[in-house]
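Please read the following report alongside the sequence and the model.

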Amino acid sequence: MANQLGVTLIEDALPGRTTVHDDPELHGATMNGLAHLPAALLAHSPIDLVLIMLGTNDFKARFDPSSAGIAGNVCHLVSCIHRVGGGPGPWDGGKVPAVAVIVPPPLSVQVDSPEFERRKEWVGGRIASVGLAATVNDMSEKLDFVVFDAGDVVTGSQSDPIHLDADSHIVLGRALATWLQKINEHS
């Protein structure tokens with residue numbers, strides 16, 4: 001994506017990160033995206049665009065997953081960006097970067113298979129994942145962010161119903177670059 005767009009991309013990725021949940025089974029508050037976001041925004045400012053791709057780990061059964069709940073959590077992240085800023089100019093200037101939400105692809109049907117060794121960890125997650133893109137999209141206009149549904153271009157890998165394989169990462173990056181170019185042309 002960065003190569004196609006000719007931009008500097010700062011990834012702030014952490015496997016297992018949730019939208020707003022502390023994860024008692026995986027490093028507690030360290031995994032809470034909302035708790036980390038203000039410092040990340042200010043540390044990396046000035047930022048032109050924040051891309052949020054969180055929600056997959058919220059599909060875990062221990063977080064009682066639902067499309068509406070996870071979409072609401074994503075909106076908390078967007079609201080945090082609007083509050084903190086970190087956009088162009090000095091870091092304390094209060095400017096807000098543009099925001100785009102990348103909705104993770106739905107969990108594969110394999111996640112519910114008795115053969116999947118981690119099935120119990122993800123009970124209810126597939127159902128929540130299938131409706132997430134539409135629910136986030138419904139909320140986007142109110143909070144002024146754009147939405148890209150990664151499920152339109154990629155799916156979980158055959159061997160792992162939760163994660164993308166290397167080829168899917170490339171496909172997603174290229175699709176995002178094309179999408180962002182189109183958005184930039186229309187703004």
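Accessible areas come from the Shrake-Rupley method with a 1.4 Å probe, and for residues only the protein chains shown count as cover. On that basis the protein exposes about 10,100 Å², of which carbon and sulfur atoms supply 53%. This is a predicted model, in which local features need pLDDT of at least 70 and side-chain atom pairs count only at pLDDT 80 or more, while totals for chains, interfaces and linings use all residues. Residues are numbered from 1 along each chain as its sequence is written, and side-chain values use heavy atoms, with hydrogens and water left out.

Helices (H or I, at least four residues) and strands (E, at least two) are DSSP runs numbered from the N terminus; the protein has five helices and three strands, in the order α-α-β-α-β-α-β-α from the N terminus on. Its C-alpha atoms fill a box of roughly 50 × 35 × 25 Å along the principal axes.

Of the 187 residues, 42% are buried, where buried means under 20% relative accessible area, exposed over 50% and partly exposed in between.

The structure holds one aromatic pair. F148 and W179 form this pair, which is tilted, with 5.1 Å centre to centre and 55° between the planes. Rings of Phe, Tyr and Trp (its six-membered ring) pair if their centres lie within 6.5 Å, planes under 30 degrees apart counting as stacked, over 60 as edge-to-face and the rest as tilted. The pair links distant parts of the chain, 31 residues apart, and both partners are buried.

| Residue | Element | Relative accessible area |
|---|---|---|
| F148 | strand 3 (residues 146-149) | 9% |
| W179 | helix 5 (residues 166-186) | 17% |

Definitions and conventions
Buried < 20%, exposed > 50% of the residue type's maximum accessible area, 1.4 Å probe, protein only.
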